[in-house]
Amino acid sequence: MPKKRSGGGLTGTQQAAKFLGVSVLSGAVLAGIALPAAGALGLAAKGTVKGFDEIPANLKTPPLSQRTTILDSQGGPLATVYSRDRTVVPLTAISPFMQKAIVAIEDSRFYEHGAIDLKGVLRALNRNAQSGGVSQGASTLTQQYVKNVFVEEAGDDPDKVAQATQQTIGRKIQELKYAIQVEEELGKKKILENYLNITFFGQQSYGVEAASQRYFSKSAKDLKLEEAALLAGIVQSPSRYDPVNDTQEATKRRNTVLQRMAAMHDVTQEEADKAKAAPIQLKVSKPKNGCITAANGAGFFCDYVREVFLSDPVFGKTKEARTKVWNQGGLTIRTTLDPQAQKSAQKSIKKHVYQTDDVATAVTMVQPGSGKIMAMGQSRPYGFGKTETQINYSVNQGMGGSNYGFPVGSTFKPFVAAAAIEQGKPPTQSYPAPYEMPYPSEVPTCSGKPWVNLGNQRLENENESEVGPYALKDAMAKSVNTYFVQMIADIGLCPVMEMTQKLGVVQGNGKKLPEEPSALTLGSTGISPLTMANAYATFANRGTYCTPTAIESITTADRKSLEVPKSTCGKVMSEQTADTINTLLRGVIDSGTGQQAGLESRANAGKTGTTDGRKNAWFVGYTPNLSGAVWVGSPTQLVKMERIYIGGEYQDKVFGGQVPGPIWRDAMTGALDGKEAPPFNDVAIPDPPTDKRKPGDDEKPGDPRGQGNGGRQPWPGISIPPDLSGGGNNRGQGNGGSDGGGRGGIYP
């Protein structure tokens, strides 16, 4: 007597079995016969469907998630990234042995039945009805494909994955209807191709091509009989039959597949026996997923490319849309990274700063005129170990960088000089530039409300011998702090703010620079190396600024090209101004603080910078065809670079030209090897007249130099505003950007 529920009638399982049996036998599955008591069928996580005809008729097949390949500018591989390690291939690129093996073991009657294998369904339903649940499958290859589509669509959402894989009669009925649709629309060969590309083969490999590469380091088209049988056997239980971790179980399963192939006459018994006798011979390729696997230290650049993709609206209107495209993968991304420049940067980094040092370094190179990022590396590699990091020291916080960037010191001074020259100041401009002075008060700002030195902040030069007056040429070469503070007092803060905004200079957290003298003259605010390298590239490009770019092109799996962000360029200063800055910064390398950074047989210019407490040291320089920024310092800003070993060499006091300078020199030398060496357009800047008076002549109390000049102006025709003179004896009172002690100044 049939089992009945408390309310009378057959159980849901028995009703489904009866419905399916009758429907299949009569060929009326699509006739829309209602399913009584479908509430027990589990067709959805919540709720039910009342009839077979209410199941949606169209199976939405999402594009298969595949690996994305990131290339350098020459087409060399940098890294592969994926949420699913999969490479989709056509059936013609899959070994016939593999095709036969998977059919033999998973659905031997695949070519004989439609979407439903009547014998298998009735057998399974009978056993399931007896048990009151689902204890046996009977899914055809087509049904398995449909199930895998559900899993693929669920992505990494655990709830959706659980729903897609739940073992209920309702789920089986849903799979049946979609399987019928798939059989009608695709045909057997396409179904087999799709199945072999979508199914999971263990060891993080999805699809037969990825599995073949993982286990045998070969293409799926080259699989031998015993290899194909091994892979086909894994599908039923990838963890149980994993040949990497359990050769014995994997061998038994492989041999089962081989015997089944012989029984189906896919191979002879002799061929099957020979393959059974062969030991499993793996040639495993370890999974290489993510930027952590990038070659030549390009992991951080790889991560930057990912951040660009996820943040730029060109790849999708919302972050969710962009993330979906990224995770779907199947992209080939050609980047701007120059392998020669990247290799040279990493070589220089390893030579000068060790991974285990108390301080780190970051090197970034940009091509003037295009904004292309040519190299990006650092001494602490991409990873999770003690001396590794996931923070990209070269970029802003929003792109995976440090929270605030790093104070840039005197490398900021060229921006001040450019703003002053654009305002009409001559390159011979002179200021008293005493050894020390208070910050000027009542400095005009963009808002119209002047900055006032309420805290009586003071600053001083690096050496007591640095006493003016100075003209711009010498002040830049010697990096005289008081000169540039007097310059900004003369022209106001707004021209410098406007100049830096045009140059794309922002704080490491992406915010505008603070409008106050310490930040806008002596670089007390944190900025990223990429920002500095790209801003200096504007000088090299004779005043035309280009936004930085990392992606050259993107091709999808079906060989369609995607739109990519393009660099936008615009004139931000006159060519005369840029040429003047280039001439001034050549002097820094020729005879100033950057002599250790100079390149041989090539026009080059640059500026050194060392911040208060010697926690950061910089060299930012360029040739007409390449710009580079080097930062050395403590990522936590807790290490003072005094009496310290860096790269195995003892440093009493670190200066911008002393450690970062040689890193820049070696990195740039290798990056430019074999490249053209164009000249700058030099500007003639006359040297100031030499004061030949003896020390002490006409000395008067209060003279800003401490050596009076009888009240005469230092150079004829150049007036010095009286409030720009400084002096006094209160030293070490901080500069608004210092760490609250020490010299209170920014070093060269």
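Predicted model: local features only at pLDDT ≥ 70, side-chain atom pairs only at ≥ 80, totals over all residues.
**Disulfides**

I looked up the cysteine links and got a count of three disulfides. With the bonded cysteines numbered in sequence order, the pairing reads 1-2, 3-4, 5-6.

I took Cys291 and Cys302 to begin with; their sulfur atoms are 2.0 Å apart. The torsion about this S-S bond is about -70°, so I noted the disulfide as left-handed. Cys291 lies in the loop between α11 (269-277) and α12 (299-311), and Cys302 lies in helix α12, so the bond ties together parts eleven residues apart in sequence. Cys291 is buried at 7% relative accessible area, and Cys302 is buried at 0%.

I then went to Cys446 and Cys494, joined with an S to S distance of 2.1 Å. This link is right-handed, with 105° about the S-S bond. Cys446 sits in the loop between β8 (436-438) and β9 (458-460), Cys494 in helix α18 (residues 494-502), and they are 48 residues apart in sequence. How accessible is Cys494? Its relative accessibility is 19%, and because buried means under 20%, Cys494 counts as buried. Cys446 is partly exposed at 40%.

For Cys546 and Cys569 I read a sulfur separation of 2.1 Å. The torsion is about 115°, so this disulfide is right-handed. The bond links strand β12 (residues 544-546), which holds Cys546, to strand β15 (residues 569-571), which holds Cys569; the two cysteines are 23 residues apart. Cys546 is buried at 5%, whereas Cys569 is partly exposed at 45%.

**Aromatic pairs**

I found 21 aromatic pairs in the structure and wrote up two of them. Tyr431 and Tyr483 are edge-to-face, 5.1 Å centre to centre, with 70° between the planes. Tyr431 is in strand β7 (residues 430-431) and Tyr483 in helix α17 (residues 481-491), 52 residues apart. Tyr431 is buried at 0% relative accessible area, and Tyr483 is buried at 0%.

Tyr536 and Tyr622 are also edge-to-face, at 6.1 Å and 75°. Tyr536 belongs to helix α20 (residues 529-540) and Tyr622 to strand β17 (residues 616-623), so the pair ties together parts 86 residues apart in sequence. Tyr536 is buried at 0%, and Tyr622 is buried at 0%. I traced both into one aromatic cluster with Phe412, Phe415, Phe539 and Phe680.

**Charges over rings**

I checked Lys188, which lies over the face of Phe110 at 4.4 Å from the ring centre. I also noted Arg614 over the face of Phe655, at 4.5 Å from the ring centre.

Terms used:
Residues numbered from 1 in each chain as written. Heavy atoms only, no water. Phe/Tyr/Trp six-rings, centres within 6.5 Å; stacked < 30°, edge-to-face > 60°. Helix = DSSP H or I, 4+ residues; strand = E, 2+ residues; numbered from the N terminus. Buried < 20%, exposed > 50% of the residue type's maximum accessible area, 1.4 Å probe, protein only. Lys NZ or Arg CZ within 6 Å of the ring centre and 35° of its normal. Disulfide = S-S within 2.5 Å.
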